[in-house]
Amino acid sequence: MLKKILSLCFLFSCFVSSLSGCHSESDAKQIRVGTISGPETQLMQVAKSVLLKQADLPLKIIEFSDYSLPNRALNEGSLDANMFQHRIFLDEEIKNKHYHLVALAKIFIYPMGIYSKKNTDFSENPTKCDYSHS
């Protein structure tokens, strides 16, 4: 697991290093990255320390609690990058809000769990989903 996290940090460090040319000298090479509070921010904290140590490039992490805000901030120019969403969400945001954003890299995918109050084994799950209890 640690190896995966370090690999992701290295990949993200390379990605963020490529953004360093996007700023004027007055920005002191600081890269502004938006995340959603939680695991993304924790991962970015690790990437921040790796990036500073390996490339002497400071990273400013800006946390959001509303999923609609990081893409808006990126589109308006107050962020250099964001990391919080899957491709389908990004594509819908671009389509519906006419953002001029581009996906640069796949960073990570969360493992997902399936939970049931009735079944104890996955094979017991019905083939048709019943949302009537939602």
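These are my notebook entries on one predicted model, a single chain.

**Entry 1: confidence**

I began with the pLDDT. The chain averages 79, and 71% of the residues score at least 70. Helix α1, residues 2–18, has the lowest confidence, with a mean of 54. Helix α3, residues 69–76, has the highest, at 97. I also noted residues 20–26, where the pLDDT is below 50. Beyond near neighbours in sequence, that stretch has six contacts in the model. Where pLDDT is low, the predicted coordinates should not be read in detail. I keep that in mind for α1, with its mean of 54.

**Entry 2: overall layout**

I listed the secondary structure next. The chain has four helices and three strands. From the N terminus, I read the order as α-β-α-β-α-β-α. The chain has 134 residues, and 29% of them are buried. I looked at contacts between residues at least 6 apart in sequence. Of these, 66% join residues at least 24 apart. The accessible surface comes to about 9,900 Å². Carbon and sulfur atoms account for 57% of that surface.

**Entry 3: Glu93**

Is Glu93 buried or exposed? I found a relative accessible area of 9%, which is under the 20% cut-off, so Glu93 counts as buried. Glu93 sits in helix α4, residues 87–97. What does its side chain meet? I found a polar contact with the side chain of Asn71, at 3.4 Å. I then set aside the neighbours within four places in sequence. Glu93 is in contact with Ser68, Asn71, His98 and Tyr99.

Phi of His98 is near 55°, which is positive in a residue other than glycine. His98 lies in the segment after α4. Its relative accessibility is 61%, over the 50% cut-off, so His98 counts as exposed.

Asp56 has a positive phi too, near 50°, and it is likewise a residue other than glycine. I placed Asp56 in the loop between α2 (39–55) and β2 (59–64). With a relative accessible area of 61%, Asp56 is exposed.

**Entry 4: Tyr110**

I moved on to Tyr110, in the segment after α4. At 38% relative accessibility, Tyr110 lies between the 20% and 50% cut-offs, so I logged it as partly exposed. Which residues does Tyr110 contact, leaving aside neighbours within four places in sequence? They are Pro39 and Glu40. Tyr110 and Pro39 are 71 residues apart in sequence. Their C-alpha atoms are 9.6 Å apart in space.

**Entry 5: the largest pocket**

Last, I looked for empty space. Rolling a probe the size of a water molecule over the atoms shows where empty space is left. The largest pocket has a volume of about 940 Å³. I counted 30 residues in its lining. The closest to its centre are Phe84, Gln85, His86, Arg87 and Ala105. Which elements each supply at least two lining residues? I noted α1, α3, β3 (81–82) and α4. That list includes α1, the element where confidence is lowest, and α3, where it is highest.

How values were computed
Residues numbered from 1 in each chain as written. Predicted model: local features only at pLDDT ≥ 70, side-chain atom pairs only at ≥ 80, totals over all residues. Heavy atoms only, no water. pLDDT = per-residue confidence, 0-100. Contact = heavy atoms within 4.5 Å. Buried < 20%, exposed > 50% of the residue type's maximum accessible area, 1.4 Å probe, protein only. Areas by Shrake-Rupley, 256 points an atom, 1.4 Å probe, with all protein chains shown as cover. Polar contact = N/O pair within 3.5 Å; in protein donor to acceptor, adjacent residues only side chain to side chain. 1 Å grid on protein atoms, 1.4 Å probe; cavity = no way out; pocket = protein on both sides within 12 Å on 5 of 7 lines; lining within 4 Å. Points joined across faces, edges and corners; volume = space filled by probe spheres on them.
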